[in-house]
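Let's walk through this one together. Have the sequence and the 3D view open side by side.

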Amino acid sequence: MERLIFVAGDESQTARLGAALAEAIPDGTVVSLCGTLGAGKTRLVQAIAEADGVDRRSVVSPTFVLLQEYQGRRPIHHFDAYRLRDEDEFLGLGPEEYFESGGISLIEWADRVESCLPAERLDVRIEVTGDTARRFEIEGHGDRCAMAVRRLKELLGS
Ligand SMILES: Nc1ncnc2c1ncn2[C@@H]1O[C@H](COP(=O)(O)OP(=O)(O)OP(=O)(O)O)[C@@H](O)[C@H]1O
Ligand SMILES: [Mg+2]
């Protein structure tokens with residue numbers, strides 16, 4: 001496991017983290033996003049998607065649709081588990097197929113469906129530490145994701 005703590009003083013720093021993540025994570029990466037309402041999960045997905053060539057305005061919280069897909073340089077599968085009844089409803093979306101279909105998968109409120117996620121993944125926990133301040137704890141589990149976090153550290157110079 002490899003861990004990185006990134007402190008964003010404002011949204012532009014979150015955007016910088018998202019761009020670095022887009023570069024650091026290889027195809028097939030599953031990213032779990034945890035944090036309270038308004039922590040910045042969707043904002044981070046926007047930054048990752050934008051760095052992959054997607055218009056960020058098309059990235060909204062998929063709270064009511066559970067799953068959205070964007071076509072950037074690679075497919076981005078954006079899940080939101082907030083309104084799911086239970087894990088079975090999540091499994092009904094066929095997440096494994098998306099996880100394995102190439103591109104990257106990003107799951108908001110991932111703690112609600114944790115047992116449905118692969119052990120090899122990137123865990124991102126976001127804490128609100130001020131009006132525009134956020135603390136990101138990023139953990140890479142498994143060889144590929146640990147390597148991605150090491151690459152992320154290089155890109156961020158931290
Ligand atoms: N440093 C920052 N990083 C991210 N968002 C920030 C930051 N500072 C302020 N914000 C604001 O915080 C809000 C984050 O909202 P966002 O929709 O990304 O949260 P969320 O975690 O997806 O919430 P939800 O659980 O409702 O989906 C936005 O209004 C954004 O402008
Ligand atoms: Mg959201």
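**Around the ligand, then out to the sheet**

α1 and α2 (41-51) each supply at least two residues of the shell around ligand 1 (helices are DSSP runs of H or I with at least four residues, strands are runs of E with at least two, and both are numbered from the N terminus). Of the 16 residues around ligand 1, Thr14, Gly40, Lys41, Thr42 and Arg43 come nearest (near means a C-beta atom, placed from the backbone, within 6 Å).

A word on what you're looking at: this is a predicted model, where local features need pLDDT of at least 70, side-chain atom pairs count only at pLDDT 80 or more, and totals for chains, interfaces and linings use all residues. Residues are numbered from 1 along each chain as its sequence is written, while chains are lettered from A and ligands numbered from 1 in the order in which they are written.

Now for the sheet. It is open, has 7 strands in the order β1-β7-β6-β2-β5-β4-β3, and its pairing is mixed (two strands pair if DSSP finds at least two bridges between them). β1 (2-8) and β3 (67-71) each have a single partner strand and stand at the edges, so one side of each is left without a neighbour in the sheet. Further in, β2 (residues 30-34) and β5 (residues 104-108) pair in the parallel sense over 4 bridges, and Leu33 stands opposite Glu108 in β5.
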